[in-house]
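Please walk me through this structure for a reader who has not seen it before, taking one feature at a time.

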Amino acid sequence: MRGTVAEEQCDAHGFDFAETFRNQYHIAPLDVPPPEGFESVIIFDWRVSFCPSLHTCLVTDANGVQCGVILGHAVAEDGTYLSGTTPLDGGVDTPSFFDAAEAFIKWAAGRFMAFFATPTDARAYPDPVSSFGFVYDPETKCVASSLFLSLHRPLEENPAFDNAAIVKGADCFGTQTTTDVYKGSYGFGMTRDRHVRRSVANHYLDLASLEMHRFWPKEGDFDRFDLPRRDLADLIVERLKTNVRALVAHNDTGFLLSGGYDSKMVLAAAQSDLAASDRLKSYVFASTWNQTIDVNIAAALGESAGLQVTSVVPEDGHKGSFLQNKKEFRRKGLQYVIATGSIGRMPNTENRGYLDRLPEGGILITGNMLEICSAVWWPAKKIDDAEHAVIRCQVARNTPAEIEDREARFASWFEKLPDAAKLMLHDFNYMENTLPNTQSAYLGFTRQFRVPPANDRAIFAASMCTAVPWRRRRGLFWAIVARSSPDLHKLPTVEDIKFVAKRDSEATIEELAQGDLEAVKQKFVQLRGGRV
């Protein structure tokens, strides 16, 4: 085979490798060849290779020795955008080197992976939720951003899944599925290959043993978040503002805005930096009926914040497409499956060409991961925690054998959780068992590099330290918006409009969205008994 399965599949289906695997990376011992066209740096016994368009930051130790690299976009705890070369406090010849590396990376935010090495050891750290995490093949000790890029041997199908069913008719290997109702994807570190494993959030990979070890949370990591809930809301606002400021100052930036909760928190917290940037463009998508309501709200939010928001809607409406024909649709979906390592079928919005309407290159800021502020992964009522958690992992569990396997893997994960984390079970389930696999989908969206500024352990920890019922009632959301931007607080979300429409038969959702939005918000507050 030619190099990797990734290169082989691109050749087989006529895709350009550089385009398909844009912004991806490959780390391996020096005797393993790098993917064609990737740039490389040598760090002791390891070759770190990456697409030329991927942002990188080299790392040196206290004596100037090159000892690591950060791949992707990262913001240090002090707000420094990591670019060029950054130093660590420790030396590679000291026993405390990895302690220094870990302290440096633990509170960094963004979407990245970090590789650190000494003459005798090496470790790989994913970002806080392993959004830009990695997979690793124990046979070759190859670490890569996606499955096919890690494989220097033929794929060995994972018998724990119906692999063809996961990609629903878009399998690059031509395997046919026997069912149309298979739900879910991979999880608990598993991939389509029976041997290759995916990185787990809050763990590092020891490249000597090829085992993952937890590094967060450790004792005392939550101490500084023992604060009143208003102070925790202010802390989240400050972290969002700091991260956005660093990102937009150094990149051409797109900002995806909607009429929902998460992007509104980003806008409220970082309004002044977003509005002041001459390198930022804001967008709202309308690919569903619900998102047609987003268009009105996003326009009002943008006007209040001083942003020009561009609506991205096909000529024939939200059910339409920007693609020319079904062949283009199928080709786009197949390329996505190859780029992501067969983690699932391409989402419908992206497969209809919405992202192609945005300028190529730069970063794309989203509100992803701020679901943590609303505790949406927690059950609404008292039910079996383990059963609920496994369902929320979004892992395939369609047969008795699959269900038994997933429950056993969840039980093993839960048993190893630190006691402090067990009290926050569903938040850590969200971080460690859901997001690493679902966020890997973004590898297939190659025109821009997505960076959620909320991918920050301080934001997760602060959210976890507020009461779950308050979060579920959107208390933390409203505190973040109201305390950072009173003007945006006056405008409703889509859900607020639906709440009013359901209880006010005089107006439809569409009429409310196109009317006086501040009046709608006031009505919402009134109907809620003065509480938001």
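## The second largest pocket

The lining of the second largest pocket is made up, by class, of six nonpolar, four polar and six charged residues, where Ala, Val, Leu, Ile, Met, Phe, Trp, Tyr, Cys and Pro count as nonpolar, Asp, Glu, Lys and Arg as charged, and the others, Gly among them, as polar. The space in the second largest pocket comes to about 520 Å³. Of the 16 residues that line the second largest pocket, Phe-188, Val-200, His-203, Trp-413 and Lys-416 are the closest to its centre. Two or more lining residues come from each of strand 11 (197-198), strand 13 (211-214) and helix 13 (400-416), and helix 13 gives the most, with four residues.

A pocket here is an open set of points, on a 1 Å grid over the protein atoms alone, where a 1.4 Å probe fits and which has protein on both sides within 12 Å along at least five of seven lines, while lining residues have an atom within 4 Å of a point. Grid points are joined across faces, edges and corners, and the volume is the space filled by probe spheres set on the points. Helices (H or I, at least four residues) and strands (E, at least two) are DSSP runs, numbered from the N terminus.

## Basis of the model

This is a predicted model, in which local features need pLDDT of at least 70 and side-chain atom pairs count only at pLDDT 80 or more, whereas totals for chains, interfaces and linings use all residues. Residues are numbered from 1 along each chain as its sequence is written, and side-chain values use heavy atoms, with hydrogens and water left out.

An open sheet of six strands has the order 2-3-1-10-9-11, with antiparallel pairing; two strands pair if DSSP finds at least two bridges between them. Its edge strands are strand 2 (39-43) and strand 11, each of which pairs on one side only. Strand 1 (residues 25-29) and strand 3 (residues 46-50) run antiparallel and are joined by five bridges; Pro-29 stands opposite Trp-46 in strand 3, and the bridge partner of Ile-27 in strand 3 is Val-48.

Five bridges also join strand 2 to strand 3, again antiparallel, with Ser-40 opposite Ser-49 in strand 3. In the hairpin of these two strands, strand 2 and strand 3, there are two residues between the strands, and Phe-44 takes a positive phi near 55 degrees. Strand 3 is mostly covered, since five of its five residues are buried, buried meaning under 20% relative accessible area, exposed over 50% and partly exposed in between (1.4 Å probe, protein chains only). Trp-46, Val-48 and Phe-50 point one way from strand 3, and Arg-47 and Ser-49 the other way.

## Aromatic pairs and charges over rings

The structure holds 27 aromatic pairs, counted when rings of Phe, Tyr and Trp (its six-membered ring) have their centres within 6.5 Å, with planes under 30 degrees apart called stacked, over 60 edge-to-face and the rest tilted. Among them, Phe-132 and Phe-449 have ring centres 5.1 Å apart and planes at 80 degrees, so this pair is edge-to-face. Because Phe-132 lies in the loop between strand 8 (122-126) and strand 9 (135-137) and Phe-449 in strand 18 (residues 449-451), the pair ties together parts that are 317 residues apart in sequence. Phe-132 is buried, with a relative accessible area of 1%, and Phe-449 is buried as well, at 4%.

Trp-107, Trp-216, Phe-222, Phe-225 and Phe-428 form one aromatic cluster. The charged end of Arg-392 sits over the ring of Trp-377, 3.8 Å from its centre, and that of Lys-422 sits over the ring of Phe-414, 5.1 Å from its centre; this requires NZ of Lys or CZ of Arg within 6 Å of the ring centre and within 35 degrees of the ring normal.

## Backbone details in loops

A cis peptide bond, with omega about 0 degrees, joins Trp-216 and Pro-217, and Pro-217 lies in the loop between strand 13 and helix 6 (229-250). Lys-141, a residue other than glycine, has a positive phi near 60 degrees; Lys-141 lies in the loop between strand 9 and strand 10 (142-144) and counts as partly exposed at 30% relative accessibility. Met-369 has a positive phi near 85 degrees, is found in the loop between strand 17 (363-365) and helix 12 (385-392), and is buried, with a relative accessible area of 1%.
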